[in-house]
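I opened my notebook for a first visit to this structure.

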Amino acid sequence: MLVWVIFFLANCIKISAGLAGIHRLRTYRTYSADEWQTKLNYLSKNIGIYQSVRLLQSGWVKVPVAVGFFKPVILVPLGLLSNLPADQVETILLHELAHIRRRDYLVNILQRFTEAVFFFNPAILWISSLIRQEREACCDDIVVANTTHKGSYLEALVSFQEYSSGSQYAMGISSKKHYLLNRVKRMLTRENKKLDLMEKILLIIGVIVFSAFTFIPKKEAAAQQPVRSSTKRAEPKAEVILPAALPASTRPAATYKAAAHKETVKAVLPVVTRDTVPPVKEKEQSNFVYEDLDLQSISTSTNSDGKTKTSVTTVVDQAGKAYTVTRLNDKITTLVINGNTIPEMR
C-alpha cells in the first residue's frame, strides 16, 4: 500500500505539472489571429459547436493543440497560418475543433487520472493507449466528412510528423511517425487497424487466465470456514435422564437383574418445555444432572396392532426409585415416578 501511495502521488504531481503547463501555454507568449477567427467561428458552427472558441498563435507550441473545456482555445505555432496553404490550415483547424466537440480535453484528464490510480495494471494501460488511437481516428473521420480538401489534410499530417506537442494533456494533431503512417493508411483504405500478433497473444493469454480463475471449483463451505474457539463459558442447562435415551429397539423385552447384569448407562437429555418434567429450582439445578447411573432393572412391554404401537418401559435405579414411561407410536404420553403421574407442562 505504501508503494502504491508513493507512485500515485508521483503521478498526481505529474498531472498537476501538466495542467500548470497548459495554463502557461494559454497565457504566455500568445498572440491573436483575427484574420482566421471568423473562419474558425464558421467551421465551429458547421460541425455543431456553439460555444465560443478562441484562436491564438503561440511561441511555445510546435504543432496545433486544443486546450480547455469551459473556455476552449486552439493554439497554433507562430507563423503557421501564414506559411501553410489555406486549405491545409482549414483542415488543421477542423481537427482541433473535432477534439473540442468530442470533449476530449476533459476525457483525457480523466484518463490520465485513471492511469495514475491503476499504474500497475498493464491491461488498463493498454486499453488507454487504444482509446487515444481511436480518439484521433474519430477526429480524422470528422475532418474527412466536413471538408473537400482530403488530400490537403493528409499533406498537413505528414508535414507535422517531425514535431511533438508541448504537453501530453493538450489535444494535438501530431503523433509518432509509425502511428501517423497507420492513420494515413486508414483514411486511404477506410479500414480500421487490426490487432498485431503480440496484442493478440497477450489478449488470448489474459482471457485464458481469467477463464481459469472463473472455473476453479469451489470448496465446500464447511471446509473453507475455520473452526473458531470460544472462550465464553456456556451457561448450565437443566437436564434429566429420560427413558427416551434408552430406545426400546436397542434392548430386548426382558428384565435384567442387578446380580446377573449390572449395567452403567450414561444418558443425558435436555429438558424441553413440552416435556412432562416439572421445573427445577436454581439451587437444585447443579444436582439435577446424573453423570453415572446404575440401573437395577429395566423392563419393556410392547403391544402393536399394525396401526398403533404402545410400549411401557419401567426403570428402577439403585435407590429403588421407579420410572414408568408410556409411549404411543414412539411419542411419550405419560410419565410416572414412584406411582405419581407427572403432569404435562404447557
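**Entry 1, the core.** I am working from a predicted model. I looked up its largest nonpolar core and found 41 residues in it. L55, I74, L75, L93 and L97 have the most contacts inside this core. Next I checked which helix gives the most to the core, and it is α4, residues 86–101, with 6 residues.

How do α1 and α5 pack? I found an angle of about 160° between α1 (residues 2–27) and α5 (residues 104–117), with their axes 8 Å apart. Angles over 145 degrees count as roughly antiparallel, so α1 is roughly antiparallel to α5. From α1, the contact is made by W4, F8, N11, I15, L19 and I22. From α5, I wrote down Y105, I109, R112, F113, A116 and V117. I also looked up the handedness of the crossing of α1 and α5, which is right-handed.

**Entry 4, a hairpin.** My last stop was strands β10 (residues 309–317) and β11 (residues 322–328), which run antiparallel and are joined by 7 bridges. I found S311 opposite R327 of β11. The hairpin has 4 residues between its strands, and G320 there takes a positive phi near 85°.

Methods:
Residues are numbered from 1 along each chain as its sequence is written. This is a predicted model: local features need pLDDT of at least 70, side-chain atom pairs count only at pLDDT 80 or more; totals for chains, interfaces and linings use all residues. Side-chain values use heavy atoms; hydrogens and water are left out. Two strands pair if DSSP finds at least two bridges between them. Helices (H or I, at least four residues) and strands (E, at least two) are DSSP runs, numbered from the N terminus. A nonpolar core is a set of buried Ala, Val, Leu, Ile, Met, Phe, Trp, Tyr and Cys residues joined through side-chain atoms within 4.5 Å. Buried means under 20% relative accessible area, exposed over 50%, partly exposed in between (1.4 Å probe, protein chains only). Axes are lines fitted to C-alpha atoms, for helices over the stretch in contact, and angles run from 0 to 180 degrees between N-to-C directions. Angles under 35 degrees count as roughly parallel, over 145 as roughly antiparallel, 65 to 115 as roughly perpendicular and the rest as oblique. A crossing is left-handed if the near helix is turned anticlockwise from the far one by less than a right angle, and right-handed if clockwise. Contact means heavy atoms within 4.5 Å.
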